[in-house]
Amino acid sequence: MSADFETDYLVVGAGAVGLAFVDALLDEDPDCHVTIVDMHAKPGGHWNDAYSFVALHQPSAFYGVNSLEFGDDVVDSHGPNKGLYPLASGAEVSAYFTHLMNRRLLPSGRVSYHPLSRYDGDGSDGHAAFDSILSGKRTNVKVRKKTVDATFYKTSVPSTHKRQFGVAPGTPMAIPGDLPDLWKRGNDLPAHYAILGAGKTAMDAGVWLLQAGVDPDDITWVRPRDSWLINRTYTQPGPDFFEKVVENQIAQLNAAAEAKTGDEMFELLGRGGYMLRIDEDVKPEMFHYATISEGEIDLLRQIKNVVRKGRVTSVEPGKIVFADDEHSVPGNTLFIDCTATAVPFDDTRQHGPQFRGDTIVLQPLHVPLVTFSAALTAFLEVHFGDDETKNRLGVPAPLTDTPNTYPLGMLTNFMNRGAWSQNPKIAAWLAKSRLDPTGTTFAKMMAEGDTRLAVMGGFQAAIETGIPGLQRLAEAAQAEHQPR
């Protein structure tokens with residue numbers, strides 16, 4: 001049986017990563033045709049499922065796709081993010097990707113978009129195939145060049161993840177997305193709230209409750225592991241924050257040179273304020289690149305009822321049960337499930353290269369900049385001839401779960417950046433890439449002779465001692481995780 005149609009690239013996933021790849025591919029290969037298959041009804045991936053008060057952790061200035069600006073250059077004048085560039089809300093992100101699809105990708109005439117469709121690699125006569133989720137109709141596609149897997153991250157959000165603990169009948173249970181609708185219950189409101197989870201979703205829920213007027217004493221927070229958090233002050237775009245961004249990079253390199261472990265490296269960065277933690281008396285065991293403002297930290301420190309007894313095994317009215325213990329809470333406690341995992345830290349696919357013959361598996365080339373990495377991967381695909389060269393220029397950086405695994409990711413970032421700076425084609429692309437946090441800013445400041453570039457004077461010396469430090473820390477972490 002012949003294919004229903006042909007395409008050059010079949011992209012599986014219309015989330016931020018897949019769309020950033022397609023957007024760059026259209027610019028770099030003006031003759032290609034792209035087909036996008038996605039299970040959601042709208043573009044944007046997990047943003048379609050996120051809770052209503054979700055927001056970007058990072059500034060909008062370097063999120064999204066290269067061709068379409070996102071965000072503005074006016075810093076927040078109030079709230080916990082005061083003095084920093086605003087964070088786009090989930091609704092703004094979703095609208096951005098819908099606008100991209102309807103105003104750029106589809107009007108190009110080179111993109112075929114199939115929402116509410118499930119990809120199946122096994123079609124007739126060796127073709128790829130996808131099925132309509134609602135009708136069940138199967139479509140066979142002849143892929144002339146490559147299939148692009150944009151689902152590697154498998155981002156899980158509270159509304160879609162499978163709960164890993166038991167819930168007794170009659171237990172008041174919610175996900176963060178339910179919180180804004182509590183007003184509809186009239187006077188039938190919870191007497192207490194229990195946040196389950198230690199990640200950024202749990203932090204967002206805590207900030208929301210506090211800003212909504214809930215007394216901190218009426219909140220219990222179950223944190224199996226505390227987390228190191230990136231100080232958002234040092235991730236800001238543009239010339240006004242350039243010195244702080246470089247200062248942070250130098251501090252990280254110096255800490256790597258001095259520390260004996262990743263844990264010690266983070267302690268050094270914490271003392272300098274580059275990394276933050278909610279409880280200064282507790283050693284964080286987790287690091288997932290969550291970014292936070294000092295204002296948010298101040299709010300979250302108001303929650304004093306923190307439970308650290310491991311992972312929850314079950315909840316019931318008035319009780320949280322752990323593997324070896326339990327914790328009592330008021331009977332009318334609303335449990336808020338914030339235990340969804342952002343990325344698959346144990347997914348074996350992260351150990352493979354991006355370019356695999358007739359398949360591309362999109363992965364981070366500069367963690368945690370996933371859309372930038374996808375756009376650069378499209379550039380590599382078009383402008384370099386063989387997989388060996390492409391994979392050498394784009395080595396996937398491992399996802400980071402703990403402070404001790406961080407140095408390898410940071411080392412990979414620096415090694416990739418070094419290779420890109422030595423390649424004229426890539427360097428020229430970086431200088432105009434909106435998604436690169438420093439590329440366009442550095443080029444603009446160079447052209448204007450900006451005196452703030454003087455901060456770069458200490459960078460080379462930090463590189464010379466920091467890179468060997470990162471190598472040493474990465475090797476130590478890998479040796480620790482070798483099977484015995």
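## Packing of α1 against α7

In helix α1, the residues Ala-16, Val-17, Ala-20, Phe-21, Ala-24, Leu-25 and Glu-28 meet Val-370, Thr-371, Ala-374, Ala-375, Thr-377, Ala-378, Phe-379, Val-382 and His-383 of α7, where contact means heavy atoms within 4.5 Å. By class, this contact of α1 with α7 is made up of 12 nonpolar, 3 polar and 1 charged residues; here Ala, Val, Leu, Ile, Met, Phe, Trp, Tyr, Cys and Pro count as nonpolar, Asp, Glu, Lys and Arg as charged, and the others, Gly among them, as polar. Helices (H or I, at least four residues) and strands (E, at least two) are DSSP runs, numbered from the N terminus.

The axes of α1 (residues 16–28) and α7 (residues 370–383) come within 8 Å and cross at roughly 35°, with axes taken as lines fitted to C-alpha atoms, for helices over the stretch in contact, and angles running from 0 to 180 degrees between N-to-C directions. The crossing of α1 past α7 is right-handed, a term used if the near helix is turned clockwise from the far one by less than a right angle.

## Basis of the model

This is a predicted model, in which local features need pLDDT of at least 70 and side-chain atom pairs count only at pLDDT 80 or more, while totals for chains, interfaces and linings use all residues. Residues are numbered from 1 along each chain as its sequence is written, and side-chain values use heavy atoms, with hydrogens and water left out.

## Cavities

A search of the whole structure finds 2 cavities of 30 Å³ or more, a cavity being a set of points on a 1 Å grid over the protein atoms alone where a 1.4 Å probe fits but cannot get out, and lining residues having an atom within 4 Å of a point. Grid points are joined across faces, edges and corners, and a volume is the space filled by probe spheres set on the points.

The largest cavity has a volume of about 40 Å³ and is lined by Ala-198, Met-203, Arg-223, Asp-226, Ser-227, Leu-229 and Ile-278, a lining of 4 nonpolar, 1 polar and 2 charged residues. For the second largest cavity the volume is also about 40 Å³, and the lining consists of Pro-59, Ser-60, Ala-61, Phe-70, Gly-71, Asp-72, Tyr-85 and Pro-86, which divide into 5 nonpolar, 2 polar and 1 charged.

## Two buried aspartates

Asp-29 lies in the loop between α1 and β2 (34–37) and counts as buried because its relative accessible area is 12%, the limits being under 20% for buried, over 50% for exposed and partly exposed in between (1.4 Å probe, protein chains only). Leaving aside neighbours within four places in sequence, Asp-29 is in contact with Tyr-9, Arg-110, Lys-145 and Val-382.

Asp-263, found in helix α5 (residues 262–271), is buried as well, with a relative accessible area of 18%. Not counting residues up to four places away in sequence, Asp-263 touches Lys-283, Pro-284, Pro-403 and Asn-404.

## Backbone geometry

The peptide bond from Val-367 to Pro-368 is cis, with omega near 5°, and Pro-368 sits in the loop between β20 (359–361) and α7.

Leu-116, in the loop between β3 (111–114) and β4 (117–120), has a phi near 50°, a positive value in a residue other than glycine, and is partly exposed at 29% relative accessibility. Tyr-289, in the loop between β12 (275–276) and β13 (291–292), has a positive phi of about 65° although it is not a glycine, and counts as buried at 12% relative accessibility.

Definitions and conventions. On a 1 Å grid over the protein atoms alone, a cavity is a set of points where a 1.4 Å probe fits but cannot get out, and a pocket is an open set with protein on both sides within 12 Å along at least five of seven lines; lining residues have an atom within 4 Å of a point.
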